[in-house]
Amino acid sequence: MDSDPKVFVFDEVAKHNHQRDCWLIISGKVYDVTPFLEEHPGGDEVLLLAAEKDATDDFENVGHSLSAIEQMEKYYIGNVDMSTVPKPIDYRLAASQSVKATTSSAESSGSLLTLLQILVPLLIMGVAFYLQFYGKKQ
Ligand code: HEM
């Protein structure tokens, strides 16, 4: 019998975030890993830390074996509505944006310097010219 999988919203899944009740979101699917916490070869702490967020990257970064992926099915309880899941912060993107901001402020202070490098000698030449001309007359 194949019934439609249950679809959870993120807030509902996020409530299950402790030792006696722990659900994970991996690749849009929800897993109740409560009975697996103590058995998990990577320890229960990493699983608890992976609750209350999209744990897909955490799971994939470990490079779990095929047998680990097969084991997951035992704990599958439904899907999550991905539009309700907060996007993870992309620190690389944030860092590159702050580099861009620094670069553009450096670029604008660089163009001010170029302008001053042209204006200051012009000003000095102007003063020298004035003094040469009008200084002699008096
Ligand atoms: C239902 C979800 C999960 C299952 C069934 C599972 C299963 C397993 C299994 C069977 C292993 C032994 C190594 C292997 O066969 O790949 C393992 C290792 C490990 N897992 Fe998970 N895991 C799950 C989720 C997670 C999550 C979300 C994290 C978060 C980072 C995680 C972190 C680790 C770590 C750090 C190891 C140890 C790797 C090592 O010592 O080489 N696992 N897991």
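Glu 52 counts as buried in this predicted model, because 20 C-beta neighbours lie inside 10 Å and the cut-off for burial is 20 or more. The place of Glu 52 is in the loop between α2 and α3, and its phi is near 65 degrees, a positive value in a residue other than glycine. Most residues other than glycine have a negative phi. Across the 138 residues of the protein, 12% count as buried.

**Overall form**

- The protein has 5 helices and 5 strands, which follow one another along the sequence in the pattern β-α-β-β-β-α-α-α-β-α.
- The radius of gyration is 31 Å, well over the 14 Å that the globule rule gives for 138 residues, so the protein is more spread out than a compact globule.
- Taken along the principal axes, the box filled by the C-alpha atoms is roughly 110 × 30 × 25 Å.
- Among contacts between residues at least 6 apart in sequence, 70% join residues that are at least 24 apart.

**Strand pairing**

- Strand β5, which covers residues 76-80, pairs with strand β1 (residues 7-8) in the parallel sense over 2 bridges, and in this pairing Phe 8 stands opposite Val 80 of β5.
- Strand β4 (residues 29-32) also pairs with β5, in this case in the antiparallel sense and over 3 bridges, with Lys 29 standing opposite Asn 79 in β5.

**The nonpolar core**

- The largest nonpolar core has 14 residues, and those with the most contacts inside it are Trp 23, Leu 24, Ile 25, Ile 26, Val 30, Tyr 31 and Ala 55.
- Strand β3 (21-26), strand β4 and helix α2 each supply at least two residues of this core, and β3 gives the most to it, with 5 residues.
- Ala 55, one of the residues with the most contacts inside the core, touches Leu 24, Ile 25, Ile 26 and Ala 50 when residues up to four places away in sequence are not counted.

- Ile 26 lies in strand β3 and is buried, because 22 other C-beta atoms lie within 10 Å.
- When its neighbours within four places in sequence are left aside, Ile 26 is in contact with Tyr 31, Ala 55, Thr 56 and Phe 59.
- The C-alpha atoms of Ile 26 and Lys 53 are separated by 9.3 Å, although these two residues are 27 residues apart along the chain.
- Ser 27 has its place in the loop between β3 and β4, and its phi, near 50 degrees, is a positive value in a residue other than glycine.
- Whereas Glu 52 is buried, Ser 27 is partly exposed, because 13 other C-beta atoms lie within 10 Å, a count that falls between the cut-off of 12 or fewer for exposed residues and that of 20 or more for buried ones.

**Surroundings of the ligand**

- There are 20 residues around the ligand, and of these Pro 41, Gly 42, Asp 58, Ser 65 and Ala 68 come nearest.
- By class, the shell around the ligand has 13 nonpolar, 6 polar and 1 charged residues.
- Helices α2 (44-50), α3 (56-62) and α4 (66-72) each supply at least two residues of the shell, and α4 gives the most, with 4 residues.
- Helix α2 supplies at least two residues to the shell around the ligand and likewise at least two to the largest nonpolar core.

Note on methods
Residues numbered from 1 in each chain as written. Predicted model: local features only at pLDDT ≥ 70, side-chain atom pairs only at ≥ 80, totals over all residues. Pairing = 2+ DSSP bridges. Near = placed C-beta within 6 Å. Nonpolar A, V, L, I, M, F, W, Y, C, P; charged D, E, K, R; others polar. Core = buried A, V, L, I, M, F, W, Y, C linked by C-beta atoms within 7 Å. Contact = placed C-beta atoms within 7 Å. Rg over C-alpha atoms; globule rule 2.2 N^0.38 Å.
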